[in-house]
Amino acid sequence: MTFWKAFADDTSANVIAISVALFVPIVALVGAALDMSVAYTTQAKLQNACDAGVLAGRQSMDGGRFLNRDRTEAENYFEFNFPDGTHNATNIQFAIDQDEDDDLELVASASADQPTALMRIFGYDAIPVSVECTARRDQFDSDIVLVLDVTGSMANAPSGGGSDAKIELLREGARGLYRALEGDNLGTIRYSFVPYSHTVNPASSLRNRDIIREQTYISDSGGNKLVHINESQWNIGNGGGNTGGNTQNFRTSGIGCIEERPSRGEDHDPAEYTDTITLQDVDDTPANANDRDNQFGRYDPLAHDRRGSAVSGGVQYYYVHDRWMQTGCPAEAKKLAEYSSETAFDTAVDEATARVTGGTYHDIGMLWGLRFISRDGFFAADNPATRDGIAVNQHIIFMTDGKLDTGSSLYSAYGVEGIQGRTNGGWTLDGFHISRFESACNLAKSMGVTVWVIALDVSDTDDIRPCATTDENFYISDGSDLEAVFAEIGNGIGYLRLTK
């Protein structure tokens, strides 16, 4: 009797029943935590893949056009970052398209089913996960100066092969920049062109007062002589040199290449150039028609006393004093302007690269690129920091196919250096102009200008790579990919970013 009473009063066995009753919800809680942890990891990886895909798709676009190739690029990047089998996920979906209200923005979504491990015993075989992502390219107003090497070597095919001349590849490739920056919702984009060789041709963009009237050239004795513009090839025969008529004729002749004015802002002989370029070199403008120190000379091979002439390889040579003098004037530079269509832009590129001639003086090209984009110099009135309350970003795209190619017998923007001797500083001729080029590049960066450099078919880039604002702004091209390079620069100018 005592045994059965004790058994009836004993409640310790209830622990087993309670434990059995609690086992199921505990398993459910632990299983849910484990499966949800895996699902969250899958969702994070899905988000990264979605972001990569939408960025790649937007990067691939030309302006506001979303083509099948761009969709494919986005899908490839998504699949690379979330390949089949990731966390055993199934039913993986990725969809991408343009925003209905903004053709500069892409909208994408991704989803997958994450199989469960423990929750399937409760009838939950998978946890659905989904993400959304968007990317756009913010566009400030942008001013872009293309400083383009049009020297004689650009008429050659790339060293890697192909039949097209490098200048033709440039003409075809530059459109990638325009396409990358076109679109109905973009800001104002302006382009300037500065083709350079051993001089530049900016006179049509200048004023009459910017051109000197009486200038020093080489006499047949090797000395100096003064030539008034009335005595030059631009004399229109009405005494216009004193009233501006002959200066105007020079400026609008199409061959308004210049001799560079002496360096500004440093102590030196008034006729000389220094191995640095200062902000005063860029921005100082003549106060009037008699301000000789701030005026540019006329690049006039015919004004030098010469004893003969010859043409070789399409280049004009004159025999001056004791040597043959190489000459050549590239096509006209163009001020910053908008181009309403790709056709208009292509025409401007063709015109800027129409004359392929001369040696390679990077410093004169970069200096005039700065002058065309500066907000405080010759074109200050046309180069505001903001336009209708929108910031204007400034860019120089510098493209060359080679190292410096100077020469003591070459008639450049610095005169005939082997005879007139206006450069100084104890440098070799190449070293002097490399120093000026580096100085111009550094000055551009200090002015807030982003410098992009394209080395076209160049094996040694030591002289030009440092000019780029960063390594990300420097590109090497064999010519075949120039359009893609220009397009990538355009996308960089456009500030591609994720928005969600």
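## A strand pairing

In this predicted model, Tyr 318 has Met 325 of strand 12 as its bridge partner. Strands (E, at least two residues) and helices (H or I, at least four) are DSSP runs, numbered from the N terminus. Strand 11 (residues 315-320) and strand 12 are paired in the antiparallel sense by four bridges; two strands count as paired if DSSP finds at least two bridges between them.

## Basis of the description

Residue numbers start from 1 along each chain as its sequence is written, and side-chain values use heavy atoms, with hydrogens and water left out. Because the model is predicted, local features need pLDDT of at least 70 and side-chain atom pairs count only at pLDDT 80 or more, while totals for chains, interfaces and linings use all residues.

## The hairpin

Strand 1 (residues 90-99) runs antiparallel to strand 2 (residues 102-115), and eight bridges join the two. The link between strand 1 and strand 2 is a hairpin of two residues. Ile 96 has Ala 108 of strand 2 as its bridge partner.

In a regular strand, side chains alternate between the two faces of the sheet.

## Helix 10 and helix 12

Helix 10 (residues 362-373) packs with helix 12 (residues 429-446) at an angle of about 25 degrees, and their axes are 8 Å apart. Axes are lines fitted to C-alpha atoms, for helices over the stretch in contact, and angles run from 0 to 180 degrees between N-to-C directions.

Residues in the contact (heavy atoms within 4.5 Å) include Met 366, Leu 367 and Leu 370 of helix 10, and Phe 437, Ala 440 and Leu 443 of helix 12. The contact of helix 10 with helix 12 has eight nonpolar, two polar and two charged residues. Here Ala, Val, Leu, Ile, Met, Phe, Trp, Tyr, Cys and Pro count as nonpolar, Asp, Glu, Lys and Arg as charged, and the others, Gly among them, as polar.

## Helix 4 and helix 13

Helix 4 (residues 166-173) and helix 13 (residues 482-493) pack at about 40 degrees, with axes 8 Å apart. That angle makes helix 4 oblique to helix 13. Leu 169, Leu 170, Glu 172 and Gly 173 of helix 4 meet Leu 482, Glu 483 and Phe 486 of helix 13 in the contact. Its residues divide into four nonpolar, one polar and two charged.

## Disulfides

With a disulfide taken as a pair of cysteine sulfur atoms within 2.5 Å, the count comes to three. One of them joins Cys 50 to Cys 133, with an S to S distance of 2.0 Å. The torsion about the S-S bond of Cys 50 and Cys 133 is about -75 degrees, so this disulfide is left-handed. Cys 50 lies in helix 2 (residues 14-60) and Cys 133 in strand 3 (residues 126-137), so the pair ties together parts 83 residues apart in sequence.

Conventions
Angles under 35 degrees count as roughly parallel, over 145 as roughly antiparallel, 65 to 115 as roughly perpendicular and the rest as oblique.
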